[in-house]
Amino acid sequence: MNDFVSTYGFLFVSMILGAMLGLSLYLPLMAGQLSLASPGFYALGGYVAAILSTKVFQVKEPFPIALLLLEMLIAGIICGLLGVIVGVPALRLRGIYLAIATIAFVEILRVLALNLDVTGGAVGIFGIPQPFQSPIEYLWIVLPLLLISMAFVYRLEKIRVGRAFIAIREDELAADSMGINPTYYKALAFTLGAILAGVVGAISAHFLNTWNARQGTFDASIIYLTFVLIGGSRTFLGPVLGGMVFTALPEILRAIADTPGLPVWLAQFLRDGRLIIFGLLIVIGTRFFPQGLVTPQLLKRRSRSQANR
Amino acid sequence: MNLTVFLQNVLNGLSIGSIYAIFALGYTLVFSILGIINFAHGAVFTLGAYFTYMLMGNAFGFNGLLANLALPIRLPFVLALFFGSIAAGLVSVLIERLAFCPLRRKKADSLLTVVSSLGVAVVIVNLIQYLVGAEIYTFPPDTYGTLPPAINFGTEANPIPIRSVQVVIFVVSGVIVSLLTYLINATKYGKAMRAVAEDPTTASLLGIDPDRFIVLTFFVSGFLGGLAGTLVGSSVSIAGPYFGIGFGLKGLAVIVLGGLGSIPGAVVGGLTIGLVEAFVPGDYSAYKDAVAFGILFIMLLVRPQGLLGRSLVQKV
Amino acid sequence: MPQPQLADSISNLDRTPVLEARGLTRRFGGLIAVNNVSFSVNEGEIFGLIGPNGAGKTTLFNLVTGLIHPSNGQMLYQGDEISKLRPHQIAKKGIARTFQNIRLFADLSALENVMIAQHIHTKSGVFTGVLGLPPAPREEQKTRSRAFELLELVGLSDRADEKASNFPYGDQRRLEIARALALEPSVLLLDEPAAGMNPNEKQQLSDFIRQIRQQFNLTILLIEHHVPLVMGLCDRIAVLNFGQLIAIGNPADVKSDQAVIEAYLGTD
Ligand SMILES: Nc1ncnc2c1ncn2[C@@H]1O[C@H](COP(=O)(O)OP(=O)(O)OP(=O)(O)O)[C@@H](O)[C@H]1O
Ligand SMILES: [Mg+2]
């Protein structure tokens, strides 16, 4: 059991973090906005926590949970504010233009992080204090947070604000003509995503113990986007599942590679070529599962067949 | 800033700017006919550099499946550049067939195609890493033959030395831009390409097989991408499999600045960003990469159609 | 049955018109889609807009609802200029519309389509909504029951949960009207609501339009190609041709107008 926990504790927490990052991309997508800004806010949230805990609070380990929660709150607020500042002008752009603008935003933040003193430059920030003895204990924080975010998005889809998001996604002009202010709701969806990414970043900084400019890159944008698009972009369960599965994928492949009797070249490919497989899954997924793996129809069919039973 | 430094900056800027332009033209050609950004273009750029490196008979390093492998042929730089870029063009066509074409046939959402092209980029980058490792490859010093390291463009008393590499880049980009101008203005496909860039509905009216047309466009685009990759790779180094990704992002800045889908825009945008970067003061050179993205971000906000693009009105 | 008396009695009252176009012009590149058009619409009228394909009728609707902005001229609503407002601001003022090329939220249910359009009459935000704090639950309840009423009105309440794109064409047009009515507008713009309907359905629609005018105190602008329907239903009619207003008046006058006959009716 102990063995299992130490092997997989880190993975479980990572999977949950991945699920929440997927959700952070899903929120703007609910309003039809393809934003790749999440890694930027994630990185920023992480820096907020890393700087506060190593330079401001300076308490002995174990790092108090209350302070961790405070950092999450502060990270959320800062990312939310930046989300509004960036979102309001940027969300006048549509489709690919918005995606490019958010890529630029992530790159600008990355270059800043690489060069500022406060972020530790290229080396980043080390020795971020641990609130827990072992990685698995982070579940105390991330699991409730995931459940809260899922409940939040689930409810959101059923209320006035969520309906406004969805109306904009379906047809922005029609929504506008029905009295919905697209700029406001797009910026709101974008900001909610920014807040979630920032909060996740704050936890991750502690969880990973170190934080640097590699946390918020274009690669990360692609990976989170994959969570959502392959998981399914039409229901919040898609990104949650996508985030978990794709975060676990390297481990899964490694496990497969370890099965005895596999040809050596294949085992080696599964181990070292996992990102190739990742890329192939994206290409195949867009072709054969354009709506992602989890679709609203799938969920409906399931609930119906259960009701009939 | 004295005149020599100023001129050097200008020439540096134009030199890197012309590579940006060539690279961005590859993006633009595809965007202008399909309305899609091909994110795999940066990966094709990387591949071009590796292809040329290989065709010149250089050996790979110690990592990866192809460790220590070298081709039994040794082409001179110009030929290797040419065939390396052709190979990049063929890869680009392959990408079109495997990742773009099926989605187009299904009339899928263009964002899906974008994601698919991202997937291809991930595959290529990591395949390179799997095959030849992640190390930096430097072209041997005699790559350009017996050119001196620098050529003096001033007088003896007032030297304005320019690195020969930059001269090579100038010559190559000059040739390429002229060829492309010819291709676009004088051939049937070129005219179609321009017509489609101006108005996407006209393609079918010109009696051109759209499938062949698209394949050709991808070929030219890949050729330009691979060529740009070699020019950067041979003048600096091939900084590993990810080397084209950052460059690819900068290419986005170039085409947005010039105007998405605008062919002259790609050239103007490339030269502009090259020049602006060259004039970033040495103390702030670490922020150089942010400059292009800053320009990009601001451009999108004030004039999303770019310097030379058509305005974006949508039909209600 | 046309109601000229009502229209006359209203236009005789010296009141600000509900809608007024002053020299309204819209260019698209070299094309002048709407060319220096002036007219006014009175409260309670059913105002018809006819003209050949490409005459600029839809463009005029787009100008009224803020989807595009005029190159020249002004649009006034109850005396206030609205030509610079964005669509949602105009909707909030009380102008609602349907679209010629149906723009329902295709993937959503009929009920959701109508619920969405009650946006401006509700106000719960993210947190009250997600946590179910007042006024959200009551609002939600009201939104839902109101949406049902409107679906009932257009005869679609038995299929409230079906996806909008699954409805037959005519029903989609009715659903669009229900969605527009959910805004509780004072002016309703209908862009070819009878397109694709059979004669029987057209007659029903005509009656229905009259009924909702009465029931909701609406002023209605109607684009329609089917001349008998327009003539029978409208109090006044404006005729556009190549972006220009070539005639305006009651149906009988317009019908006998020489320019109209040449431009349009003659070819029908
Ligand atoms: N957004 C736009 N951009 C460019 N041209 C436009 C735009 N909207 C309309 N037009 C042009 O303006 C002219 C008038 O179009 P409009 O749709 O208003 O005509 P209409 O009277 O509604 O015709 P129909 O009876 O076919 O619906 C047409 O030539 C059309 O092509
Ligand atoms: Mg029309």
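1. Helices, in the sense used here, are DSSP runs of H or I with at least four residues, numbered from the N terminus. Under that convention, Asn113(C) lies in helix H4 of chain C, which covers residues 110–116. The model under discussion is predicted, and every remark below should be read with that in mind.

2. The C-alpha trace of chain A spans about 55 × 55 × 35 Å along its principal axes. For 309 residues, a compact globule would have a radius of gyration near 19 Å, and the 20 Å of chain A agrees with this.

3. The interior and surface of chain A may be taken together. Of its 309 residues, 58% count as buried. Among contacts in chain A with a separation of 6 or more, 79% are between residues 24 or more positions apart. Chain A exposes about 12400 Å², with carbon and sulfur atoms supplying 67% of that area. Chain A carries 22 positive and 15 negative charges, whose mean positions are 10 Å apart.

4. Chain C has both kinds of element, with 11 helices and 10 strands. Along the principal axes, the C-alpha trace of chain C spans about 65 × 40 × 40 Å. How does the radius of gyration of chain C agree with that of a compact globule? The globule value for 268 residues would be near 18 Å, and chain C has 19 Å, which agrees.

5. In chain C, buried residues make up 55% of the 268 residues. Contacts between residues at least 24 apart represent 67% of those in chain C that join residues at least 6 apart in sequence. The 26 positive and 29 negative charges of chain C have mean positions 6 Å apart.

6. The interface of chains A and B deserves a separate remark. Here 41 residues of chain B are in contact with 41 residues of chain A. The area buried between these two chains is about 3800 Å², and carbon and sulfur atoms give 80% of it. On the chain B side, Tyr130(B), Phe297(B) and Leu301(B) lose the most area to chain A, together 16% of what that side buries.

7. Chain A also meets chain C, in a contact that takes 27 residues from chain A and 31 residues from chain C. Between them, chain A and chain C bury about 2600 Å², of which 62% is on carbon and sulfur atoms.

8. Leaving aside residues up to four places away in sequence, Asn113(C) touches Leu104(C), Phe105(C), Leu108(C), Ala164(C) and Arg179(C).

9. Ile82(C) is found in the loop between strand S5 (80–81) and helix H3 (87–93) of chain C. Ile82(C) counts as buried, since its relative accessibility is 1%. Apart from residues up to four places away in sequence, Ile82(C) touches Val64(C), Met75(C), Tyr77(C), Ile90(C), Lys93(C) and Ile95(C). Ile82(C) and Val37(C) are 45 residues apart along the chain, and their C-alpha atoms are separated by 16 Å.

10. The peptide bond from Pro134(C) to Pro135(C) is cis, with omega near 5°; Pro135(C) lies in the loop between helix H5 (126–131) and helix H6 (136–153). Gln78(C), a residue other than glycine, has a positive phi near 50°. The place of Gln78(C) is in the loop between strand S4 (72–77) and S5, and its relative accessible area of 46% makes Gln78(C) partly exposed.

11. Glu192(C) likewise is not a glycine and has a positive phi of about 50°. The place of Glu192(C) is in the loop between strand S7 (187–191) and helix H8 (199–216) of chain C. At 9% relative accessibility, Glu192(C) counts as buried.

Technical notes. Residues numbered from 1 in each chain as written. Chains lettered and ligands numbered in written order. Predicted model: local features only at pLDDT ≥ 70, side-chain atom pairs only at ≥ 80, totals over all residues. Heavy atoms only, no water. Helix = DSSP H or I, 4+ residues; strand = E, 2+ residues; numbered from the N terminus. Rg over C-alpha atoms; globule rule 2.2 N^0.38 Å. Buried < 20%, exposed > 50% of the residue type's maximum accessible area, 1.4 Å probe, protein only. Contact = heavy atoms within 4.5 Å. Lys, Arg positive; Asp, Glu negative; His and termini not counted. Charge placed at Lys NZ, Arg CZ, Asp CG, Glu CD. Buried area = accessible area lost by both parts, 1.4 Å probe. Areas by Shrake-Rupley, 256 points an atom, 1.4 Å probe, with all protein chains shown as cover.
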